[in-house]
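Thank you all for making the time this morning. Let me put the structure up on the screen, and then we can walk through it together, beginning with the place where the chains meet.

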Amino acid sequence: MKLLTHNLLSSHVRGVGSRGFPLRLQATEVRINPVEFNPDFVARMIPKVEWAALLEAADTVPKGPIEGYEHDEKFLRQMHHVLLEVDVLEGTLQCPESGRLFPISRGIPNMLLSDEETET
Amino acid sequence: MAFRSKRPEHGGPPELFYDKNEARKYVQNSRMIDVQTKMAGRALELLCLPEGQPCYLLDIGCGSGLSGDYLSDEGHYWVGIDISPAMLDAALDRDTEGDLLLGDMGQGIPFRPGSFDGCISISAVQWLCNANKKSDIPAKRLYCFFSSLYSVLVRGARAVLQLYPENSEQLELITTQATKAGFTGGVVVDFPNSAKAKKFYLCLFSGPSTFLPKALNESNDEEETKESEFTSERVPYRMARRGLVRKSRQWVLEKKARRRRQGREVRPDTLYTGRRRKPRF
């Protein structure tokens, strides 16, 4: 699971709503995957990123988007590495509101809910 | 796939149907791969994404990642959700570029609002129409799916869902729930006259309504496109007939046009159509 996906994931447990974000990430196994750099895509995704959640999930992250980031290649490459190349293979995601744990196995988070937890 | 005998949804839930054997078919069977890839291509075409721009897309029922690979080849980034661990295992083996999630679309899409630029789904949504547990109500699950999908899409984004509806009631159930969730759009039916090639694409728009893409058809000189749009307009047929005198040439032409609209076989209009004949005729 890439950190970009983690940044957008939100818990859909019943009654949680917008308080289901961000999911607390505890990663036990991480891998770095080389991914082709696409400055267009990274620049377009920067506005969608929740920086607080990203800072909590990753260590080597710039403090925030800098002025004119669309043309700053160094900044974009850094973000590209953090968002798309870091792959969490094993770990857990925790819903901040309900405390529910979603396990991550082989890079795939298990988001299946039980009947009681499903939103009516 | 045209299941003429038994629909897979009647046999049980998808996580059991899509086991290791079924997953192997999606990886090895070249015809299966071909059909799925073609549908993925058509769905992406119907999505009408801006040219040359890499987008972040959602693949519902991504399975072994066949459709996802097509998205990656087109330069897009994607996240796939599937309920079958066996299919996701096959996807891992095929080393897909998109992220995979194990989840049930009927429970909602667990993402922040405005996360995705678009969504596709190939041969998956019809599974929501059959209740597998006693507690399942298909209409509720469909509504939960569509309303969460509406929220996770960017304003103005589209969702193209290729599906195999069992009958028109099922299709209506699906479209009703989609409309309730706030979507506009309609169903595009490719090759409506062919039993095997006929494919349904539910095209949903989350912003202001735009035009529905044209359906594919074998004979390109046919003017009628088989689309159904969500409008409550009544077509004023009676107005067209009011001013016409019975048995006049105009009346005959209008009647022939009406029968063509109904899909019947009608002789072509020539300069002899509705011509006044001698009384001896």
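Predicted model: local features only at pLDDT ≥ 70, side-chain atom pairs only at ≥ 80, totals over all residues.

On the side of chain B that touches chain A, the elements giving two or more residues are strand 2 (77-82), helix 5 (85-93), strand 3 (99-102) and strand 4 (116-122) of chain B. Sorted by class, that side of chain B has 16 nonpolar, eight polar and eight charged residues.

How many salt bridges are there between chain B and chain A? The count is four, and I can point to a pair that forms one, Arg44(A) with Asp117(B), whose closest N and O atoms are 3.2 Å apart.

Turning to the extent of the interface, 32 residues of chain B are in contact with 31 residues of chain A, and the area buried between the two chains is about 2700 Å², with carbon and sulfur atoms giving 56% of it. Tyr77(B), Gln107(B) and Arg112(B) supply 27% of the area that chain B buries against chain A, which is more than any other three residues supply.

Let me now move to chain A by itself, where the secondary structure comes to four helices and four strands, running from the N terminus in the order α-β-α-α-α-β-β-β. The C-alpha atoms of chain A fill a box of roughly 50 × 25 × 20 Å along the principal axes, and of its 120 residues, 49% count as buried.

Finally, I would like to look at helix 4 of chain A, residues 73-85, whose buried residues include Phe75(A), Leu76(A), Met79(A) and His80(A). Which elements cover the buried residues of this helix? Among them are helix 1 (3-8), strand 1 (24-32), helix 2 (39-45), helix 3 (51-57) and strand 2 (86-94) of chain A, together with strand 2 of chain B.

Methods. Residues numbered from 1 in each chain as written. Chains lettered and ligands numbered in written order. Heavy atoms only, no water. Contact = heavy atoms within 4.5 Å. Buried area = accessible area lost by both parts, 1.4 Å probe. Salt bridge = Lys/Arg side-chain N within 4 Å of Asp/Glu carboxyl O. Nonpolar A, V, L, I, M, F, W, Y, C, P; charged D, E, K, R; others polar. Buried < 20%, exposed > 50% of the residue type's maximum accessible area, 1.4 Å probe, protein only.
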